[in-house]
Amino acid sequence: MKKILSILVFIGIALSVFAEDVVFKAQAPKQVIVGRPFQISYTVNHRCRDLQAPEFTDFDVLSGPYSSTSSSTSFTNGHMTSSYEQTYTYMLMARKAGSFTIGPASVKVSGDRVQSNGVRIEVLPEDQQTTQSQPSSQGRGQGGQTSQSSQTSQTSSENIFVRTIATKTRVHEQEALMISYKLYFANVDVAQLTNNIKIPEFTGFLKQDLEQGEIQTELEHYNGRNYQTAVLYRTILYPQHSGDIAIDPAHFEVILRVQTQQRVRSIFDDFFGSYTNVTKALTAPGVTIHVASLPSGKPAGFSGGVGKFSMTPSISQTEIQANEAVTIKLDISGSGNMKLIKTPAIDWPEGFEPYDPKVTNNFKTTTAGVSGTKSIEYLAIPRSAGEYNIPAVKFSYFDIEEKVYKTLSTPEYTIRVKRGANEQSTVSGEPSAVVSYTQKEDIKQLGTDIRYIDTKPLKKQKSRQLSDLSYQWMWLWYVIPLMISAILLVIMRKQIKEASDLTRVRYKRANKVAKKRLKAAEKALKANDKEAFYAAIEQAAWTYLSDRLSIPTADLNKDNITALLTQKGVSETLIAEVKNVLSTAEFARYAPTTDHAMDELYTATTNLINNLEEEKI
């Protein structure tokens, strides 16, 4: 039964791997520094061969490719998932600064050649020589003064600071700009950003914060030096009036892990270093935004929209009956101050009963501002027959790219309304037309709960008899599953009972585990891998004794093994063999040995396990 299950599991893994799409991906850092090594890796999720690497122009190949593989199989809620990865890694070094693209690599998977993606890498120049003062070696004996000087140097404003970055400092009213507060640090370890943060109010702006997520660090070359950078806060601002609007400074606080110097030092201090946490207050400078007013000549339909927009109109139908609804839909798409766009109005003709428009906003905020679609649905109901014209709907905005006003317009719609069921026309000699219609709150869809009566003839008597006979055997469909469930329940209870006896389970598996370890030791012996051989022998012996004596491996030692074996009536000769095997395997891993000694230890361990199996312990 176990063999069948193993075969099924193997087939399932093979099928799942075979069905998985081939993914060949290249990964490398986004930024590197001239003269500093970095890695580029190519990973494929199938077994492959014949790697063809790209030309690493402008880069020196220091080493590689190194190949590694990994695989895993897991069961979750009865579902099996498996994965396999093969990775090739190169060590490269850039020759000069600039932005470079490394082309795709290719491998063969099941006879087909598969290409990876290319990667683009920005190479930053080396740091310029700085003239920062360093504490002299003679001053190290000054104890606290040297330590204080070292900390001050590490946490100086040259090594860590926050910049206020505005994407624009000259804008028009309602034109989007982004303010970022970016941390720069070098030669210092930032352990944590505290909650002691003070962001300005941004008075005079409409603010739309960007989702920060987890803070990520990147390399950046700034003022002749390479820094690790992290964006601490970002927001999109829309100025609400013209003039110069000042943004106050922002305040942040970080915890730094700095190295200290001590009067009394040990070899461990020299090797690992001594560190302490220091709280550092940082201030991002303020900035002034120059806001220009919108130019004159605003169109009549202008309602404050600034950005780049388009409009798509549609109408549900142009020929309807009286008291039926007609819907006009406008989709205003683009980027800009989307949330401030006012809903255009429709001038419905006399005889139409309009409803309040339904507005649906589908916006997203990115570093470029707010973009998306504003969908507006206008619904109205004509109450009498006739031909009506719906005037064009106009939407005006200021195009921020071309610096001009633009007006978008829908076409004029002509709607033909036919007489409804409740509308009467005027005929000569008869009363004038009377129109009957419902109010807004009375509009609803009637249900269709009346069904037709089945008029098919009744079945013949013979068919009814066959049907009655099938019902008589229907009970078997209930009895058979109950019998199968009862059998499975008995089997499962037996397995659960056996599995609950942990001592018995460990006792039964002791010999199997030991044999697996010995096979590994035999393989290492043939390969003359001494370290792997002695490790396998040692694990085989300790694991076997742990399972047989029902004691965790961590709690086992030679003394309690000897005591337990003596209590169980094992002979002194066999106990001596146990101690000899454990001692030999332990010391041989760190001492030179011969192949003859390895053969003897393997034979002794095999005989020991066989002899202990014969003992009733």
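The model is predicted: local features need pLDDT of at least 70, side-chain atom pairs count only at pLDDT 80 or more, and totals for chains, interfaces and linings use all residues. Residues are numbered from 1 along each chain as its sequence is written, and side-chain values use heavy atoms, with hydrogens and water left out.

Start with the open sheet of four strands, ordered β1-β3-β6-β5 with antiparallel pairing. Strands are DSSP runs (E, at least two residues), as helices are (H or I, at least four), numbered from the N terminus. Two strands pair if DSSP finds at least two bridges between them. At the edges stand β1 (24-27) and β5 (59-76), each pairing on one side only. Neighbouring strands here are turned by 15° against each other on average, direction ignored; axes are lines fitted to C-alpha atoms, for helices over the stretch in contact, and angles run from 0 to 180 degrees between N-to-C directions. Four antiparallel bridges join β1 to β3 (residues 37-44). Phe24 has Val44 in β3 as its bridge partner.

Now the rings. The structure holds 19 aromatic pairs. Rings of Phe, Tyr and Trp (its six-membered ring) pair if their centres lie within 6.5 Å; planes under 30 degrees apart are stacked, over 60 edge-to-face, the rest tilted. Tyr42 and Tyr90 pair edge-to-face, 6.4 Å centre to centre and with 85° between the planes. Tyr42 sits in β3 and Tyr90 in β6 (residues 79-94), 48 residues apart. Tyr42 counts as buried because its relative accessibility is 1%; buried means under 20% relative accessible area, exposed over 50%, partly exposed in between (1.4 Å probe, protein chains only). Tyr90 is also buried, at 8%. Ring pairs link Phe24, Tyr42, Phe56 and Tyr90 into a cluster.

Next, the open sheet of three strands. Its order is β2-β10-β7, with mixed pairing. β2 (31-33) and β7 (98-102) each have a single partner strand, so one side of each lacks a neighbour in the sheet. Neighbouring strands are turned by 35° on average, direction ignored. β2 runs parallel to β10 (residues 119-124) over three bridges. Ile33 is bridged to Leu124 in β10.

Finish on the surface. Ile480, Ile484, Ile487, Leu488, Ile491 and Met492 form a nonpolar patch there, with about 570 Å² of accessible area together. Met492 lies in helix α5 (residues 476-500). Met492 counts as partly exposed because its relative accessibility is 48%.

Note on methods:
Patch = residues over 30% accessible without salt bridge, like charges linked within 9 Å, V, L, I, M, F, W, Y side chains within 5 Å. Areas by Shrake-Rupley, 256 points an atom, 1.4 Å probe, with all protein chains shown as cover. Salt bridge = Lys/Arg side-chain N within 4 Å of Asp/Glu carboxyl O.
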